[in-house]
Amino acid sequence: MERHQVRKTHIVLTSHPHRIFKESPVLEWGAKNPGKRGPIVASLTDKSARNAIGSHSGSYTVYRALAMAAGKLPPEHKPDLTNTAPTVRIGPHASWFDPTKIVSLDPWGAEVANVFRKEIKGGLDVRPSIAVTQAHLHIPEIDDAIAKGRLKTDGKVVLANGDVVVTKVAIEPVWYLPGVAARFGVEEKELRKSLFEETGGMFPELITRPDLKVLLPPIGSTTVYIFGNPDFLGRKDKEHTCRVHDECNGSDVFGSDICTCRPYLTHGIEEGIRTAQNGGVGFIAYYRKEGRSLGEVTKFLVYNARKRQKGGDSAATYFHRTECVAGVQDMRFQELMPDILHWLGVKKIDNLVSMSNMKYDAIVRSGIKVTRRVQIPEELVPQDASVEMEAKKAAGYFADPKQVKRGKALKKVRGRGLNE
Ligand SMILES: [Zn+2]
């Protein structure tokens, strides 16, 4: 029999004591096979079947609410998944069956239409949280690398017109709360309480339903761009080059020159392509953690505070100004970042294109071996971004010790004024 699918007209509070969801599919995180693990169900049309808190699409769930409020989207709509299957299969890898290795995404998220076919046919609203597709990229910096002879076209990874062939993967967050709490070294109860309170009480089930262990948090997704054959991921005999990049819209997209984000991103792409052309595999994991996860408004406030302070923008006070506005220097907490690497089956990284110790430490701590750390070539750093770059190097980010400025030399590193 088809399960009840139409949303009720009256509002049923998720925390209502009558909502004892006996029908909720059992979840066994990290189980040996998908059947045993069970599907993640965040259905809003069949609330009795839910075994997750929150809803799909991360932060975009709010737009779905708008569409529905405006009468543009029928509440009973379920995705038709015909022809949406991944273009390449990723996994399963041994790490998928370790409940501690992956706690912030659903390893089976790309395969739900396949592995939970029976459940979907039976009426369960199981949705993909990962999608895998193919694309061509055209990037001016890669054109430049070709023109300057640093990269060659090979008709395979880089086509004659400069197009770069990639596999791209979009991953929505799926948090297994006991695992996330363990990563941060806090009690699950404390984590739930903090999530509930700091979102203005957005998800009462965090408090009322300790039996629901999975949260689909309303935050941004992660994208992976893979250069070369994705089957090489995790193979010991294949060179791996990787950049884990945190979003910076101003630089990545608009070319704003106060930071090194886009130069670092395109440098990572170039290194990834080079490895793929040499028979290995390269990839960029791109995390929506704008402005060190402080958000773009805070970031722009900090820019103003940096440039207006006495003496102007200076490498010596770079981190301090962020802390004054945001309360912390950085809110990215790289603890969950390696999950995606484990999902890809990565066991070692030959070349890690990053200067961040937080990222390096998190990757190594998660059991992935890093052989070499790759610094950004100096000529790729924009002039105004030298404040950020020198501040980071002085704070201990990975860099050639000969290039690290201290004391007076550090104080001399200045950025443009606000109106310059
Ligand atoms: Zn940036």
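Q: In which helix does E270 lie, and is E270 buried or exposed?
A: In this predicted model, E270 lies in helix 10, which spans residues 261–277. Buried means under 20% relative accessible area, and E270 has a relative accessible area of 5%. The residue of helix 10 is therefore classed as buried.

Q: Which side chain makes a polar contact with the side chain of E270?
A: Leaving out residues up to four places away in sequence, E270 touches I142, A145, R150 and L151. From the side chain of E270, a polar contact of 2.7 Å runs to the side chain of R150. The partner asked for is R150.

Q: Which core includes I142 and L151, and how many residues does that core have?
A: Two of the residues that E270 touches are I142 and L151. The largest nonpolar core has 39 residues, and W343 and L344 touch the most other members of it. I142 and L151 belong, with L137 and V166 among others, to a second, separate core, and its number of residues is 17.

Q: Which residues does L344 touch, not counting residues up to four places away in sequence?
A: L344 is, with W343, one of the two residues that touch the most other members of the largest nonpolar core. Once residues up to four places away in sequence are set aside, the residues touched by L344 are I90, H93, V224, I226, L233 and F283.

Q: Is K348 buried or exposed, and which side chain does a polar contact of 3.0 Å join to that of K348?
A: K348 has its place in strand 9, and because its relative accessibility is 16%, K348 counts as buried. A polar atom of the K348 side chain lies 2.9 Å from the backbone oxygen of K238. The polar contact of 3.0 Å joins the side chain of K348 to that of D350.

Q: At what angle do helix 6 and helix 7 pack?
A: The contact is made by L177, P178, V180 and A181 of helix 6 with E188, L191, R192 and L195 of helix 7, and by class these are six nonpolar, no polar and two charged residues. The axes are 8 Å apart, and helix 6 is roughly perpendicular to helix 7. The packing angle is about 100°.

Key. Residues are numbered from 1 along each chain as its sequence is written. This is a predicted model: local features need pLDDT of at least 70, side-chain atom pairs count only at pLDDT 80 or more; totals for chains, interfaces and linings use all residues. Side-chain values use heavy atoms; hydrogens and water are left out. A nonpolar core is a set of buried Ala, Val, Leu, Ile, Met, Phe, Trp, Tyr and Cys residues joined through side-chain atoms within 4.5 Å. Buried means under 20% relative accessible area, exposed over 50%, partly exposed in between (1.4 Å probe, protein chains only). Contact means heavy atoms within 4.5 Å. Helices (H or I, at least four residues) and strands (E, at least two) are DSSP runs, numbered from the N terminus. A polar contact is a pair of N or O atoms within 3.5 Å; within protein, one must be able to donate a hydrogen and the other to accept it, and residues adjacent in sequence count only if both atoms are side-chain atoms. Axes are lines fitted to C-alpha atoms, for helices over the stretch in contact, and angles run from 0 to 180 degrees between N-to-C directions. Angles under 35 degrees count as roughly parallel, over 145 as roughly antiparallel, 65 to 115 as roughly perpendicular and the rest as oblique. Ala, Val, Leu, Ile, Met, Phe, Trp, Tyr, Cys and Pro count as nonpolar, Asp, Glu, Lys and Arg as charged, and the others, Gly among them, as polar.
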